[in-house]
Amino acid sequence: MRFIFKVFIFISFFLVPLDAHAQDYQVGEGDILEIKVYENEDLSTTVRVSSDGTIRVPLIGEINVRDMSVSRISMRIEELLADGYLVAPQVDVFIKEHRSRQAVILGQIRNPGQYELRGKVTFLEFISKAGGLTPDAGSSAIIKRTRKGSSQKDEILVDLEKLIKKGDTSLNLQIQGDDSIYISKARTYYVSGEVNKPDSYKYESDVTVIKAITKAGGFSKIAAKGKVKIIRTVNNEKRIFEQVKMDEPVLPDDVIVVPESLW
């Protein structure tokens, strides 16, 4: 007699229904797979992926599933069951419980620390999970990531200005287990003298003298607008640039000085 069995593998968060991301999720050590063979309960089992990336399935035996996507595991089990065991088996894969994958985020983040990764988590999602950036966050982040098959770590630089302000989604990388993320602190410049709000300000790449003065509330009534100076460190020495132009680019740690008009 010709028997057709349907095999379903459930891999889910606490029995949460499968979503599109789960289909691409790559399983690893600690993931729990529930295998249920309908119409043949003795083939049903629940297994955890071992440290060497394998599971043991009734009839088939040991299968290496390390770094295989959910859809690929489904196809692989169909192939093996069809090889002398079942006729035209159909395999569906769902998520039951992910392994405990974690990543660390430090620096200018509201809630620094270690967080669990469940499913696919992008860089921006991870930032949100940690409470978002602080007001002092700089324009870059570094992701330290262990190279596959090696103990060496690579450093990935993320331009936060391009990602967040300019919407370059190609920089919204997927966070991986054991990633270590550091959010840099913004560099500053200073505006002093005859402006309405002398203070230090967060440096941005496109800031000019006139933009910096505008940020500082504009010139005061007694400002000498044509005599603005910049004090800048060059090769570890302080230099003074006199009567700078309003479109002069400002550099990190610059001190913009607006003197008082004498008449």
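Among contacts (heavy atoms within 4.5 Å) between residues at least 6 apart in sequence, 55% join residues at least 24 apart. The model is predicted: local features need pLDDT of at least 70 and side-chain atom pairs count only at pLDDT 80 or more, while totals for chains, interfaces and linings use all residues. Residues are numbered from 1 along each chain as its sequence is written, and side-chain values use heavy atoms, with hydrogens and water left out. The protein has five helices and 16 strands; these are DSSP runs numbered from the N terminus, helices being H or I with at least four residues and strands being E with at least two. Of the 263 residues, 37% are buried, where buried means under 20% relative accessible area, exposed over 50% and partly exposed in between, with a 1.4 Å probe and protein chains only.

**Salt bridges**

- Nine salt bridges turn up in a search of the whole structure; the term stands for a side-chain nitrogen of Lys or Arg within 4 Å of a carboxyl oxygen of Asp or Glu.
- Asp-179 and Arg-145 form one of them, with 2.7 Å between the closest N and O atoms. Asp-179 lies in the loop between helix 4 (160-165) and strand 11 (180-185) and Arg-145 in strand 9 (residues 137-146), so this pair ties together parts that are 34 residues apart in sequence.
- Both partners of that pair are buried: Asp-179 has a relative accessibility of 2%, and Arg-145 has 13%.
- Glu-79 and Arg-76 form a salt bridge at 3.3 Å, N to O. The two are three residues apart in helix 2 (residues 70-82), which means that about one helical turn separates them.
- An α-helix has 3.6 residues a turn, so residues three or four places apart point the same way.
- Glu-79 is partly exposed at 38% relative accessibility, and Arg-76 is partly exposed at 32%.
- Lys-211 pairs with Asp-206, the closest N and O atoms being 3.6 Å apart. Lys-211 is partly exposed at 43%, and Asp-206 is partly exposed at 43%.

**Helix 2**

- Helix 2 has 13 residues and reaches 19 Å from its first C-alpha to its last, close to the expected 18 Å; the expected span is 1.5 Å times one less than the number of residues.
- Its buried residues are Val-70, Ile-73, Ser-74, Ile-77, Leu-80 and Leu-81. They cover an arc of only 135 degrees around the axis, so they sit on the same side of helix 2; the arc is taken from the directions from the helix axis to the C-beta atoms.

**Strands 9 and 10**

- Strand 9 runs antiparallel to strand 10 (residues 153-159), and seven bridges join them. Two strands count as paired if DSSP finds at least two bridges between them.
- Lys-144 has Glu-155 in strand 10 as its bridge partner.
- Six residues lie between the two strands of this hairpin, where Gly-149 takes a positive phi near 75 degrees.

- Five strands form an open sheet in the order 13-12-16-14-15, with mixed pairing. Strand 13 (199-202) and strand 15 (237-241) are the edge strands, each pairing on one side only.
- Neighbouring strands of this sheet are turned by 25 degrees against each other on average, direction ignored. Axes are lines fitted to C-alpha atoms, for helices over the stretch in contact, and angles run from 0 to 180 degrees between N-to-C directions.
- Strand 12 (residues 188-193) and strand 13 run antiparallel and are joined by four bridges.

- Tyr-201 is found in strand 13, where it stands opposite Tyr-189. Tyr-201 is buried, at 12% relative accessibility.
- Leaving aside neighbours within four places in sequence, Tyr-201 is in contact with Arg-187, Thr-188, Tyr-189, Val-191, Lys-215 and Ala-216.
- The C-alpha atoms of Tyr-201 and Asp-253 are separated by 9.7 Å, the two residues being 52 apart along the chain.
- Thr-208 is in the loop between strand 13 and helix 5 (209-215), and is buried with a relative accessible area of 15%.
- Thr-208 touches Met-246, Asp-247, Glu-248, Pro-249 and Val-250, not counting residues up to four places away in sequence.
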